[in-house]
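User: I am new to this structure and would like to understand the words used to describe it. Could you walk me through them?

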Amino acid sequence: MSFKIKDNITWVGKVDWELRKFHGEEYSTHKGSTYNSYLVRDKKTALIDTVWTPFAKEYVTFLRQETDLKSIDFVIANHGEPDHSGALPELMREIPEKPVYCTANAVKSLKAQYHQDWNFVPVKTGDKLSLGSKELIFIEAPMLHWPDSMFCYLTGDNILFSNDAFGQHYASELMFNDLVDQAELERECIKYYANILTPFSKLVDKKIKEVVGLNVPVDMICTSHGVIWRKDPLQIVNKYLEWANDYQENQITIIYDTMWNSTRKMAEAIASGIRQGDDTVVVKLFNCARYDKNDIITEVFKSKAIVMGSPTINKGILSAVAGILEEMRGLGFKNKKAAAFGSYGWSGESVKMISEKLKEGGFALANDGLREMWNPDKQGRENCINFGKTLASTFK
Ligand code: FEO
């Protein structure tokens, strides 16, 4: 599959309909993904990014149908991660002498991954590459999301090739932001930001302000995953600015796992208490052993506060709860509140342990949490409802 974005620009990537896990098993891709690669023709021809390694042969075969490989003058590697650089070895075997433009950090990451001494041309922010009538201008974007990441901007067509930034794991045959289901698109964009870019929010904010400060027109944003932003392309830039600045909605998310339903009953009673205390707040409950981890993280990203529960087992907490806590610690959410709860039979360490891990993850604790012994009775349920009511006002 290939299609024209403009007369002089052809998409030559891969739509991966079957992908269900990305980054190993780390990221769920319910809607598949795409690896976008672009052929830019002027007096000279540039190829921007390639595709993931398993599709390398297929990619080069289709690319050859699109153009004589020898006619490619410049290869641009915006990022060294294998979902974009994975077809470089297959491609460069055919055109080994062609220059590969990338950041100095990408020279390191590409060499270390593929052990090839291609004709690397390291570039810095502001460096320009003439294609004839138009130029590619390079913009380093370190830690968005690897040290080697960069964007490039095509003058004349006013297109920002942003690599991972502004992308989504979203397979579609439509490929333009104005043609796809808008709710699906927004869901995949925010999930991508929450799960991948949250730790780099300060840098996202700074880089966007730097690019906007260049005062160049942007008619299109061509990312490396998902749709091309051609209708109001700055809408996704503005969303990123919002998301990068301690984003939150009026939502409280309750996350728990349970052994014999006691902690589940607590979760449901706490939810009821929160709603009684504040009927404007959105409350969502997730059993984290049964619900997709990345979708839960997206809900945490949207929340002003979370409430986490686990029964005590072996003086600790259930592994699904531990997994989410570790995921949140790594992402480093800011400006969010939290509280813990859990049922227990005798020793009852879970609430203290969850509280400590939430604190370590940067959450502001509302209180010492709530424990209920065995299966909550009428009084136990009332305790949970009152706990929820108090949280509703603390989290307001
Ligand atoms: Fe889509 Fe960081 O690779």
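**What the words rest on**

Analyst: Let us start with aspartate 205, which is buried, its relative accessible area being 12%. Before we go on: this is a predicted model, where local features need pLDDT of at least 70, side-chain atom pairs count only at pLDDT 80 or more, and totals for chains, interfaces and linings use all residues. Residues are numbered from 1 along each chain as its sequence is written, and side-chain values use heavy atoms, with hydrogens and water left out.

User: Why is aspartate 205 called buried?

Analyst: Buried means under 20% relative accessible area, exposed over 50%, and partly exposed in between (1.4 Å probe, protein chains only). Aspartate 205 has 12%, so the word is buried.

User: What makes aspartate 205 and lysine 209 a salt bridge?

Analyst: The term asks for a side-chain nitrogen of Lys or Arg within 4 Å of a carboxyl oxygen of Asp or Glu. Here the closest N and O atoms are 3.0 Å apart, so the pair qualifies. Both residues lie in helix α6 (residues 201-213), 4 residues apart, about one turn of the helix. Helices are DSSP runs of H or I with at least four residues, strands are runs of E with at least two, and both are numbered from the N terminus.

User: What does the salt bridge between glutamate 66 and arginine 41 tie together?

Analyst: Their side chains meet at 3.5 Å, N to O. Glutamate 66 is in helix α1 (residues 56-66) and arginine 41 in strand β7 (residues 38-41), so the pair ties together parts that are 25 residues apart in sequence.

User: How do you know whether lysine 378 is buried or exposed?

Analyst: Its relative accessible area is 67%, so lysine 378 is exposed by the over 50% rule. Its salt-bridge partner, glutamate 382, at 3.6 Å, is partly exposed at 35%.

User: Why does lysine 304 have no salt bridge?

Analyst: Lysine 304 is buried, and the nearest side chain of opposite charge, aspartate 278, is 4.2 Å away. For charge, Lys and Arg count as positive and Asp and Glu as negative, while His and the chain ends are not counted.

User: Where does lysine 304 sit?

Analyst: Lysine 304 is in the loop between α9 (293-302) and β19 (305-309).

User: How many salt bridges are there in the whole structure?

Analyst: A search finds 22. Lys6, Lys134 and Asp157 are linked in a network of them.
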